[in-house]
Structure formats: structure tokens, C-alpha cells
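Hi everyone, thanks for coming. Let me put the structure up, and then I'll walk you through some parts of it.

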Amino acid sequence: MLVGELSGLVGGEHVLSGEAAAAYDRDATGRRGVEGRADAVVLPGSPAQAAAVVAWCYEHDVAIVPRGGGTGLTGGAVAIAGGVIISTERLRAIRELTPELWRMYVEAGVSTGHVQRLARENGLLFAPDPGASEQSQIGGNVATNAGGPHALKYGVTGAWVAGLEVVLAPGELLELGGWAKKDVAGYDLTSLIVGSEGTLGLITAVRLRLLPAREATEALVVFLEDRKRGCEAMLAVMAAGMEPSALEFIDGVTLGILAEGYPGEVPARAGFAVIAEVDGSRSEVAAQLSALEELLGAAAVAIEHPADRQALWRWRDGANGTVTGARGGKVSEDVVFPVELLEEGLERFEEIAERHGLPSCSWGHGGDGNVHASVLVDPLSDAELDAAAAVGEELFELVISLGGSIAAEHGIGWLKSGRLAAQWPAAAVEFHEQIKRTFDPKGLFNPGKKVAR
Ligand SMILES: Cc1cc2nc3c(=O)[nH]c(=O)nc-3n(C[C@H](O)[C@H](O)[C@H](O)COP(=O)(O)OP(=O)(O)OC[C@H]3O[C@@H](n4cnc5c(N)ncnc54)[C@H](O)[C@@H]3O)c2cc1C
């Protein structure tokens, strides 16, 4: 009945079930027990159709799981307890692109990479750059408030959202925000939807702010002897008042695993690497590069100017997959420490993993204190997977005790749900739940995710 009725709303070829829907039963979380069992996957061809599907689900008490590109790393887009997945992959219209006003209005299913290219081709910059940009969609980026290397200088996705078109319960299609540069007339509902991970409503289109393209961009790879020198180097960059567009770190173990694919030579004495990227006018970039070299030269084992910056980023973006290959499996947690406590956080994470008998490594967006803290596991060993889960729990306690967050940029999703109370005071958790009830009185939007206890 469900498939038949939904077919009446969007056309039978746009409602998938059984084998045809199997690819939607997982996201990029990998082997962490995140397996869905969607009753149907619906691919609406317009926001009005999406609203009709939400209205049908709401009327029939059927769970709604919004889905973008399925690159999420927390199981957020997976229908763990069944229900209807609404995939935005057919919502791909570019509604407006106005280069002279630095803005673009696109539907939710446009890929992040396409948004970046459109901006570039029109002399502009869309600054957010989460790693899986060819697969992830702008709706998914907004729903997770995605970050990436350049969040250091330019902020996370939400900083570039001027307004949203959304479907809210019980099937209402409406616009939040808009192009006005200032608007304090109401509560900031747009910001509430940003980062809500599909638990408050379905995003169907996004108004994006853009920047004029930077004239030049250059990167340096600074190899240092150890973690202490590496973390000190990143703090020194900030203390000197420099504003790199990215300041990434790769610890010694990760560097060992990635060394073979590095587009250059990793020095034998290197036990830590910092990638610093700078942008601006040609003269600003030249001045920043020489200031960085002067500042970090004495502490560094070597400083390299990569000949091919794109190859450098491909290498860096491939870290996730290459590290997984080291032992056949890994469990990574995306956490953030206050930046001045990054060194302590990394050291104590390593100790926790060691105590549980697992090799560990870390890399991430160092300037933000954002760590992808990973333990390497044999994916067929239940004992190792249990130990990895125990490491994760201790890591979360550590992060909270140091004033960081258990979710930096990948969200809470299903994997980390139930942990809000560990980080937030009880009254704040209750406010989260009241907000959820206000937007979604029947609790049908992405149940079991984010705010679930
Ligand atoms: C190799 C790799 C590198 C990555 N690098 C980064 C990185 O650097 N920074 C970073 O932040 N993340 C990164 N990620 C994680 C992931 O790409 C981001 O979380 C991304 O924003 C998810 O977008 P998506 O379209 O794939 O969303 P999905 O995975 O489909 O969904 C993610 C969540 O958003 C919700 N959602 C999706 N679309 C909508 C919508 N239209 N309306 C309402 N809710 C919606 C879903 O319900 C789910 O809860 C990486 C992932 C991979 C695999």
C-alpha cells in the first residue's frame, strides 16, 4: 500500500523498494553496524512533490529519513528503524546565479563540487570544502553544517547560508531567511535547521552567499620531528596573527601510513606534518609564505612547496581510505579539542588506545582543534571492535573534560545519539527536546538520530 500510494505522488519509477533500495541502506560509516531497512526510497522531482510525500508520511505515522549524497559518517541518512527515505538527488535546479551580487540559489540535491565549480567559473568562491565534495549534496552539507580544511578561515557551511526552502511537519513547504543582508525581525529559524541532521525538516533548496575568487592560493608542507613541535608550530602561526586558509595536521603514525602516496619525499626524521595553505592577492600570498617559513623554519625538519597543490589535497583527502587499509579496518571519531589543548588531547587519546591494546593515529583540521581520532582494527575481530568502542567512550569523556565537543563536523547521527546529556546541562538537553517537539510533534523526522536519548 505504501509503495502504491507514494507512487501516486511522484510516479512509480521514483519509488524504490526491495533490492532496488538496498544501496540506500547504508552511508559512508563503513563497518560499524549501521544497516538500514527502509520500507521505501522516494525520489521526488520537485519541492512540491517532496512536501506531498512528507504530508503523506505525517498523516500515516511513517518515519521520514531525509537523504542527500549518503556520504555521512554517523549513519544519519540510514533508515535504522524503517520508514521512508526521501532522497533529494533529483532536486538539482540552479534557481539563481548572480555573480555581481555574489550569490547562488540551488536545490538541495546539487553536489557540493558542482556548487564550487559554478562559483569558480563565475569568478567567485564557495568556501566550504568538505572532503567528499563530488558525492555530497548541498542539502546534506547544510543539514550537517559540514566543515572541511578551509573552515579555519571561512567558517563552516552555515556561515554561507542566507536562507532555506524547507518542508516542515506536517508537510508545509516554506521559505526561511532570504537575500536581505540584515534581518532581525524573528528568531533565526534558518540557523536552527542548519546542522539539524534531518530531525527537524527536509531542506529542498539553499540560498548561498559567495565570495570573490582569491587571486592566488599556495600551500606549504611543514615536516616536524614530533607532536609537541607540530602543535606548538600551529599555535605559533595563530599567535603571530597569521590567517592561513587551512592548517591541517597529520601525526607520525598517519604520516607513516600515508608516506608512500605523498607527492614528494617525506623526510626520514619527520614525525608530524602541518599543511598550511594561504590565499589572497599574489603579493599577500607571497608575504604570508615567507612569514610562515621564517616563523617555522627553525623548528621544522623540512619545509616543502608542493609543485602540484591539487595532488597534495588529493593525498590529504585520501587519508581516510588509506588509513583504513593499514589493518583492514579502523574506527574514527570526529571530535574537537580547544586548540590550545590539542597536544594534550592527542597524547591522552594515544594512551587510551594503548591501554586497550589498539594502535591509533590522528589527523585533522589542526587550526580548529578538530581531530579524526582513529584506532586501527582487524574488522573481523569482535574483541578489537569492542575495544575500539571502549576507546571511543573514553575519548568522549576526555574531550568533554577538556572543554571540547564529541561532534566537530560529522554530526551526531545514529552512531553518537544518546550522548547529548554527557556534554550539555540537563536544562539545555530539555530545550533541544522541546525544539524537536515543536518542529516535529509526532517525532517522525529521522527518529533515533541526534537528539534521541
Ligand atoms: C571521504 C569523506 C570525506 C569527508 N570529509 C568531510 C569533511 O572534511 N568535513 C565534513 O564536515 N564532513 C566530511 N565528510 C562527511 C560528509 O561528507 C558530510 O557530513 C556531508 O555534509 C554529508 O552530505 P550528504 O549529502 O552526503 O548527506 P547524507 O550523508 O545523505 O546525510 C547526512 C545527514 O544529513 C541529513 N540530510 C541530508 N540531506 C538533507 C536534506 N535535504 N534535508 C534535511 N536533512 C538532510 C540526513 O538525514 C543525515 O542526517 C566526509 C565524508 C567522506 C566519506
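Predicted model: local features only at pLDDT ≥ 70, side-chain atom pairs only at ≥ 80, totals over all residues.

**Strands, ligand and rings**

Residues are numbered from 1 along each chain as its sequence is written, and side-chain values use heavy atoms, with hydrogens and water left out.

Now, the strand that Y105 belongs to. From β6, the residues R103, Y105 and E107 point one way, while M104 and V106 point the other way. Helices (H or I, at least four residues) and strands (E, at least two) are DSSP runs, numbered from the N terminus. Are the residues of strand β6 buried or exposed? Five of the five, residues 103–107, are buried, so β6 is largely enclosed by the rest of the structure. Buried means under 20% relative accessible area, exposed means over 50%, and partly exposed is in between, using a 1.4 Å probe and protein chains only.

What about the neighbours of β6? Two strands pair if DSSP finds at least two bridges between them. β6 and β10 run antiparallel and are joined by five bridges. Strand β5 (residues 94–98) also runs antiparallel to β6, with four bridges between them, and I94 has V106 in β6 as its bridge partner. The hairpin of β5 and β6 has four residues between the strands, and W102 there takes a positive phi near 55°.

Let's move to another strand, β4, which covers residues 84–87. V84 and I86 point one way from β4, I85 and S87 point the other way, and all are buried. Which strands join β4? Strand β2 (residues 40–42) runs parallel to β4, with three bridges, and strand β3 (residues 64–67) runs parallel to β4 too, with four. V84 turns up in both pairings: in β4 it is the bridge partner of A40, and I64 stands opposite V84 as well.

Next, the ligand. How many residues surround the ligand? There are 34, and the closest are P66, G68, G69, T71 and G72. Here a residue is near a molecule or strand if one of its heavy atoms lies within 4 Å of it. Sorted by type, the shell has ten nonpolar, 21 polar and three charged residues. Ala, Val, Leu, Ile, Met, Phe, Trp, Tyr, Cys and Pro count as nonpolar, Asp, Glu, Lys and Arg as charged, and the others, Gly among them, as polar. β3, α4 (138–144) and β10 (202–209) each supply at least two residues of that shell, and α4 gives the most, with five.

A polar backbone atom of G68 is 2.8 Å from an oxygen atom of the ligand. For N141, a polar side-chain atom lies 2.9 Å from a ligand oxygen, and for N446 an N or O atom in the side chain is 3.2 Å from one. The protein covers 93% of the 970 Å² of accessible area that the ligand has on its own; these areas come from the Shrake-Rupley method with a 1.4 Å probe.

N446 lies in the segment after α15 and is buried, with a relative accessible area of 2%. Its phi is near 50°, a positive value in a residue other than glycine. K450, found in the segment after α15, has a positive phi as well, near 55°, but at 21% relative accessibility K450 counts as partly exposed. Most residues other than glycine have a negative phi, and most peptide bonds are trans.

Last topic: rings. A search of the whole structure finds five aromatic pairs. Rings of Phe, Tyr and Trp (its six-membered ring) pair if their centres lie within 6.5 Å; planes under 30 degrees apart count as stacked, over 60 as edge-to-face and the rest as tilted. Y58 and F445 have ring centres 6.4 Å apart and planes at 40°, so this pair is tilted. Y58 is in helix α2 (residues 47–59) and F445 in the segment after α15 (426–439), so the pair links parts of the chain 387 residues apart. Both Y58 and F445 are buried.

Notes
Polar contact = N/O pair within 3.5 Å; in protein donor to acceptor, adjacent residues only side chain to side chain.
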